[in-house]
Amino acid sequence: MRVFVAGGSGVLGQRLVPQLVARGHQVTATTTNRAKLGLIGQLGADGVVMDGLDAASVGEAVAKAQPDVIVHQMTGISLAHAGKPDLNHFDRWAVPTIRLRTEGTDHLLAAAEATGVPHFVAQGYANWNGIREGGWVKTEEDPLDLHEGTPAYPAMAAVRHVEDAVGKAGGAVLRYGGFYGPGATDDQLVLVRKRQFPLVGDGTGYASWVHLDDAASATVLAVEQQARGVFNIVDDEPAPESEWLPHLAACAGAKRPMRVPKWLARLLAGEVVVTMMTEGRGFSNAKAKRELGWQLRYPSWRQGLKEGLA
């Protein structure tokens, strides 16, 4: 199968491309940085420079590759694209990713339609953003929380756009949990080791995590099975901040995180962080395991973080 991975040099793309190649697929992977073409070649793919926000650039790259499936992994959350994470101004910090999830998605879907690409798989998000009603763990049938009226709203609305647009086109959206693994948690580890990543209030907000290798393997399955619909790609153990953050600190060899009251966290980091850490909802992976036959190498972040940071 000819697979076009938009954003193939990113943190997930670097784990996904080798898995696709190992399964015998012919992969074209894109990057915005010409210097990364060598890396893509080392991963076993044909590299191409593409601007996901330029319709002509996207159309030309897709037409040349003539893929059987497009996999949309373009985001702009790296330091090079978005700068240092700033959740207090989530709406401003997330602009590169917001544009790639709106304009970039539309450009890729238009290119797919123009060249007759029959299948489309896109990156979604399912970490702490489940609807804040009822239980702490949500399925694909539960709506996402758009956090209207907060700085998180533009980013959450962009995630909804991906699901609506790709769903209308008959593709699959993989709602990945919070990534961890090589290169995925570096910024968090710096803060944890400096004791600048505190527990907020009682740390009751849930989150869902997924190792990069498991996220990649689920994506391969969605590609090969021509999956359609929405899937939560998370591990088996959604958990509150009060559990996963101290474990992350311990694995990183850091002191136990400090605890700050909600009012202080609100002043220092903003409402979005307080909501995330005290009210967030995690997600269930039952559908992905049932319908895709997905088996996780790291069923729990407890195991994955311990092994990865040992």
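**Exposure and salt bridges in a predicted model**

Biologist: Is Leu268 buried or exposed?

Modeller: The relative accessible area of Leu268 is 61%. Buried means under 20%, exposed over 50% and partly exposed in between (1.4 Å probe, protein chains only). By that scale, Leu268 is exposed.

Modeller: The model is predicted, so local features need pLDDT of at least 70 and side-chain atom pairs 80 or more, while totals for chains, interfaces and linings use all residues. Residues are numbered from 1 along each chain as its sequence is written, and side-chain values use heavy atoms, without hydrogens and water.

Biologist: In which helix is the place of Leu268?

Modeller: Helices are DSSP runs (H or I, at least four residues), numbered from the N terminus; strands (E) need at least two. Leu268 belongs to the run of residues 262–269, which is helix α11.

Biologist: Which residues of helix α3 are buried?

Modeller: Helix α3 covers residues 55–65. The face turned away from its buried side carries the exposed residues Ala56, Glu60 and Lys64. The buried residues are Ser57, Val58, Ala61, Val62 and Ala65.

Biologist: Which residue follows α3?

Modeller: The residue after this helix has a positive phi, near 50°. That residue is Gln66.

Biologist: With which residue does Arg23 form a salt bridge?

Modeller: A salt bridge is a side-chain nitrogen of Lys or Arg within 4 Å of a carboxyl oxygen of Asp or Glu. In this pair the closest N and O atoms are 2.5 Å apart. Arg23 is exposed at 52% relative accessibility, and its partner, in helix α9 and 201 residues apart from Arg23, is Glu224.

Biologist: How many residues apart are Glu243 and Arg302?

Modeller: Glu243 and Arg302 form a salt bridge, with the closest N and O atoms 2.7 Å apart. Glu243 is partly exposed at 35%, as Arg302 is at 32%. The pair links distant parts of the chain, α10 (residues 241–251) and α14 (residues 301–308), and the separation in residues is 59.

Biologist: How many salt bridges does a search of the whole structure find?

Modeller: One of them joins Arg290 to Glu291, with the closest N and O atoms 3.7 Å apart. The search of the whole structure gives a total of 13.
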